[in-house]
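Let's take a walk through this structure together, from its aromatic rings to its charged pairs. Have the viewer open as you read.

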Amino acid sequence: MISVKTITFDQIKTSSIALEFDELIPDEIYSWTEADFAKYQVPIGNSRFPITDFFKITVEGEANGPEDVEMILNGDLNRVKYIGCKMSAGNILCNSSVDLHVGAEMSGGSILVKGDAAAHAGREMSGGYLEIEGNTKEFTGASYIGEWRGMTGGQIVVGGNAGKQCGECLTGGRIHVKGNCDILAGIHMTKGIIEIDGDVNRWPGGQMKNGNIIIHGFLGRLLEGFVLDGIVVDPEVDGVTFPGKYIKYTGDIGLNGKGNLYLGAEANKEKLAEYGELDDEYTSIREYRNL
């Protein structure tokens with residue numbers, strides 16, 4: 001029989017300064033009782049305050065390890081950051097939008113955010129599954145300031161739109177954005193997959209050395225460092241087949257990059273045709289970079 005320990009956080013009041021939840025991950029609290037939470041003080045800025053000032057915490061069931069834990073966070077979590085930071089197992093459900101660094105450096109387990117996420121969602125994660133049902137701000141799955149390695153493994157799914165530099169310095173794993181994406185998706189990436197169902201503002205894949213970016217929607221502007229490779233149908237990327245017809249580019253040639261950019265041909269045909277850049281067979285793309 002599978003044992004599951006459910007730890008429910010029901011918000012009592014919010015804080016104008018963000019609460020830091022990086023210590024409250026299944027790895028650390030799987031053995032805690034309600035009495036343990038009553039003694040715990042959560043970091044807020046340069047101080048600590050009792051977690052019970054902000055949440056009523058209910059513990060049900062037993063856990064042999066973090067993999068047996070489900071954390072449920074209820075209330076307005078817009079001022080709660082570092083949720084699931086460095087977790088390796090277990091499940092976290094956030095029933096609202098969340099603040100910075102959700103799922104940062106996680107290596108396993110799963111997090112579901114039923115709302116939006118602020119910047120740095122899933123930054124430098126190496127494993128696990130992070131799903132945000134709403135939008136994310138900048139640097140989803142990216143490196144942190146001063147670092148050169150972003151997400152290395154695991155999977156991020158964004159149900160809405162993603163901000164700028166999604167997947168910056170990506171070195172593994174997969175990011176799937178179901179909405180639109182802002183500028184510089186996949187900048188500096190060396191491995192992994194970024195899939196974008198919607199439109200992309202401009203400049204995906206800048207200075208990428210390897211990896212794959214698949215854009216199903218319209219691309220506003222392509223960087224100079226990408227070379228037209230041809231038209232492909234139902235390409236297979238790292239064992240995953242993407243049905244349809246795509247315009248394939250390679251780059252960034254400024255860094256001798258061998259990355260692949262797949263641009264949905266149908267989604268881009270009409271507007272590009274206005275400039276005389278695509279014929280009926282998608283074989284002529286002359287002035288695309290000047291759009």
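Below, we look at the nonpolar core, the rings and the salt bridges in turn.

This is a predicted model, in which local features need pLDDT of at least 70 and side-chain atom pairs count only at pLDDT 80 or more, while totals for chains, interfaces and linings use all residues. Residues are numbered from 1 along each chain as its sequence is written, and side-chain values use heavy atoms, with hydrogens and water left out.

Let's begin inside. In soluble globular proteins, nonpolar side chains tend to be buried together. A nonpolar core here is a set of buried Ala, Val, Leu, Ile, Met, Phe, Trp, Tyr and Cys residues joined through side-chain atoms within 4.5 Å; buried means under 20% relative accessible area, exposed over 50%, and partly exposed in between (1.4 Å probe, protein chains only). The largest core has 62 residues, and Phe-9, Phe-21 and Phe-55 touch the most other members. Apart from it lies another core of six residues, including Ile-193 and Phe-242.

Now for the rings. Rings of Phe, Tyr and Trp (its six-membered ring) pair if their centres lie within 6.5 Å, and planes under 30 degrees apart count as stacked, over 60 as edge-to-face and the rest as tilted. There are seven aromatic pairs in the structure. Trp-32 and Phe-37 make an edge-to-face pair, because their ring centres are 5.0 Å apart and their planes stand at 65 degrees. Both Trp-32 and Phe-37 are buried.

Arg-123 brings rings and charges together. It lies over the face of Tyr-144, 4.6 Å from the ring centre; a charge sits over a ring if NZ of Lys or CZ of Arg is within 6 Å of the ring centre and within 35 degrees of the ring normal. Arg-123 counts as buried because its relative accessibility is 6%. A network of salt bridges also links Arg-123 with Glu-105 and Glu-124.

A salt bridge is a side-chain nitrogen of Lys or Arg within 4 Å of a carboxyl oxygen of Asp or Glu, and by this rule there are eight. In one of them, Glu-195 meets Arg-174, with the closest N and O atoms 2.7 Å apart. Glu-195 lies in strand β13 and Arg-174 in strand β12, so the pair ties together parts 21 residues apart in sequence; strands (E, at least two residues) are DSSP runs, numbered from the N terminus. Glu-195 is buried at 7%, whereas Arg-174 is partly exposed at 22%.

Note on methods: Helices (H or I, at least four residues) and strands (E, at least two) are DSSP runs, numbered from the N terminus.
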